[in-house]
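Please look at the pockets of this predicted model and at the residues that line them. The report below takes them one at a time.

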Amino acid sequence: MNSVTTQALLEDFTEPQIERSRRRKRATLPWRLASAGLGFAAVCVLGFTRLGADLVHGAGSLAGGGWLASAALGAVALDLLLTLLGLPISARMETVNRAWGLSNRSWRLFWTDAAKGFLIGAILFGAVSIGLFALIRALPGSWWIPAAAAAAGLVFVLSFLVPVVFEPL
């Protein structure tokens, strides 16, 4: 860290506070990297092999196998799989945060928060998947143009909604 950054930090924090922050970052870095690596690997495996398509079609077949069922239930199945893969690392990060005094929630609340996160993600992912599948069916040659505009709009809207609507949950 350069001296300008250190001087700026020392205006607001003491040296022991800065060192404590650095120790915590070192304690969490392996878990953050593992989480990012696992998420990236899972998305690559699901996206670049038949496993992802098979999962989506298999989930969709539970409700008749049409495009609407595949879009909605496939999104839920993908979200469930990715959530389950990430839970062990999330639980370990919760333990680290407790050791550093940054979390005092019960394990029951941790699992409740994880379930809420899954449900919110599944609903949003399902809705986006249905919209994307509908665009691909309606505009097979140029679906990506309205999809890009819709994605930009969704990011804009969610940037306001997430802190006010979803975070308090």
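## Second largest pocket

The lining of the second largest pocket consists of eight nonpolar residues, one polar residue and no charged residue, where Ala, Val, Leu, Ile, Met, Phe, Trp, Tyr, Cys and Pro count as nonpolar, Asp, Glu, Lys and Arg as charged, and the others, Gly among them, as polar. A pocket here is an open set of points on a 1 Å grid over the protein atoms alone, where a 1.4 Å probe fits, with protein on both sides within 12 Å along at least five of seven lines, and its lining residues have an atom within 4 Å of a point.

The second largest pocket holds about 180 Å³ of space, a volume being the space filled by probe spheres set on the points, which are joined across faces, edges and corners. Its lining includes Val128, Gly131, Leu135, Ala147 and Leu154. H5 gives the most to this lining, with five residues.

## Largest pocket

The volume of the largest pocket is about 210 Å³, and among the residues that line this pocket are Asp79, Arg105, Phe110, Asp113 and Phe118. Two or more lining residues come from each of helix H4 (67–99) and helix H5 (107–138), helices being DSSP runs (H or I, at least four residues) numbered from the N terminus. H5 supplies the largest share, six residues. By class, the lining divides into four nonpolar, five polar and three charged residues.

## Basis of the model

Residues are numbered from 1 along each chain as its sequence is written, and side-chain values use heavy atoms, with hydrogens and water left out. In this predicted model, local features need pLDDT of at least 70 and side-chain atom pairs count only at pLDDT 80 or more, whereas totals for chains, interfaces and linings use all residues.
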